[in-house]
Amino acid sequence: MINNEGLVEIEPCVPLKVASKFLRDHKLSVPHGVCPLVNIGGHGQTGGYGHFTRAFGLLIDYIQAFDIVLADGTYKKVNRPTANNAEDL
C-alpha cells in the first residue's frame, strides 16, 4: 500500500516476489536479492544484498521505518535517523 506521504508500506511476511511485483506495477523499484520465496522483512533486516548492490545500495538503504516486537513482548517503531534526531538513538 502507498501511504499519504508517498511511501510504500509492506508487511514483513510478504514474499519478495509479491513485493517486487507490487512495486513494478506502480513503476517503483528497490534493489534486492533474487530468491523469490524470501520474505521482505527478513531480507530487509539483513541488508537486502542483490545484484544491484554496487549501483543502488542495499534494500535496507530504502527502508524509512519499521515496527518490531522486542523479546519482552513490547512493540517499538524504529525510524531512520535524520540530522535532527540522530542524537536520540
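**Note on the predicted model**

1. The largest nonpolar core consists of six residues, namely Leu16, Ala19, Leu23, Val30, Ile40 and Leu59, where a nonpolar core is a set of buried Ala, Val, Leu, Ile, Met, Phe, Trp, Tyr and Cys residues joined through side-chain atoms within 4.5 Å, and buried means under 20% relative accessible area, with exposed over 50% and partly exposed in between (1.4 Å probe, protein chains only). Helix α1 (residues 16–25) supplies the largest share of this core, three residues. In soluble globular proteins, nonpolar side chains tend to be buried together.

2. This is a predicted model, in which local features need pLDDT of at least 70 and side-chain atom pairs count only at pLDDT 80 or more, while totals for chains, interfaces and linings use all residues. Residues are numbered from 1 along each chain as its sequence is written, and side-chain values use heavy atoms, with hydrogens and water left out.

3. The chain holds three helices and two strands, which follow the pattern α-α-α-β-β when read along the sequence; helices (H or I, at least four residues) and strands (E, at least two) are DSSP runs, numbered from the N terminus. The C-alpha trace spans about 35 × 30 × 30 Å along its principal axes, and 18% of the 89 residues count as buried. Of the contacts (heavy atoms within 4.5 Å) between residues at least 6 apart in sequence, 24% join residues at least 24 apart.

4. His43, in helix α2 (residues 40–45), is buried at a relative accessible area of 11%, and its side chain reaches the backbone nitrogen of Gly33 at 2.9 Å. With neighbours within four places in sequence left aside, the contacts of His43 are Leu16, His32, Gly33, Val38, Gly48, Tyr49 and Leu59, so that two members of the core, Leu16 and Leu59, are among them. Ala19, another core residue, touches Ile10, Val14 and Ile40 when residues up to four places away in sequence are not counted.

5. Strand β1 (residues 65–69) and strand β2 (residues 75–79) run antiparallel and are joined by five bridges, where two strands pair if DSSP finds at least two bridges between them. Phe66 stands opposite Val78 in β2. The two strands form a hairpin with five residues between them, and Gly73 in the turn has a positive phi of about 90°.

6. How many disulfides does the model contain? The count comes to zero, a disulfide being a pair of cysteine sulfur atoms within 2.5 Å. The sulfur of Cys13 has its closest cysteine sulfur in Cys35, at 16 Å, which is too far for a bond, and Cys35 is likewise in no disulfide. Cys13 counts as exposed at 57% relative accessibility, whereas Cys35 is partly exposed, with a relative accessible area of 39%.

7. There is one aromatic pair in the structure, formed by Phe52 and Phe56, which is edge-to-face at 6.2 Å centre to centre with 65° between the planes. Rings of Phe, Tyr and Trp (its six-membered ring) pair if their centres lie within 6.5 Å, and planes under 30 degrees apart count as stacked, over 60 as edge-to-face and the rest as tilted.

8. Lys27 lies in the loop between α1 and α2 and counts as exposed at 79% relative accessibility. Lys27 and Leu58 are 31 residues apart in sequence, and their C-alpha atoms are 19 Å apart in space.

Terms used. A polar contact is a pair of N or O atoms within 3.5 Å; within protein, one must be able to donate a hydrogen and the other to accept it, and residues adjacent in sequence count only if both atoms are side-chain atoms.
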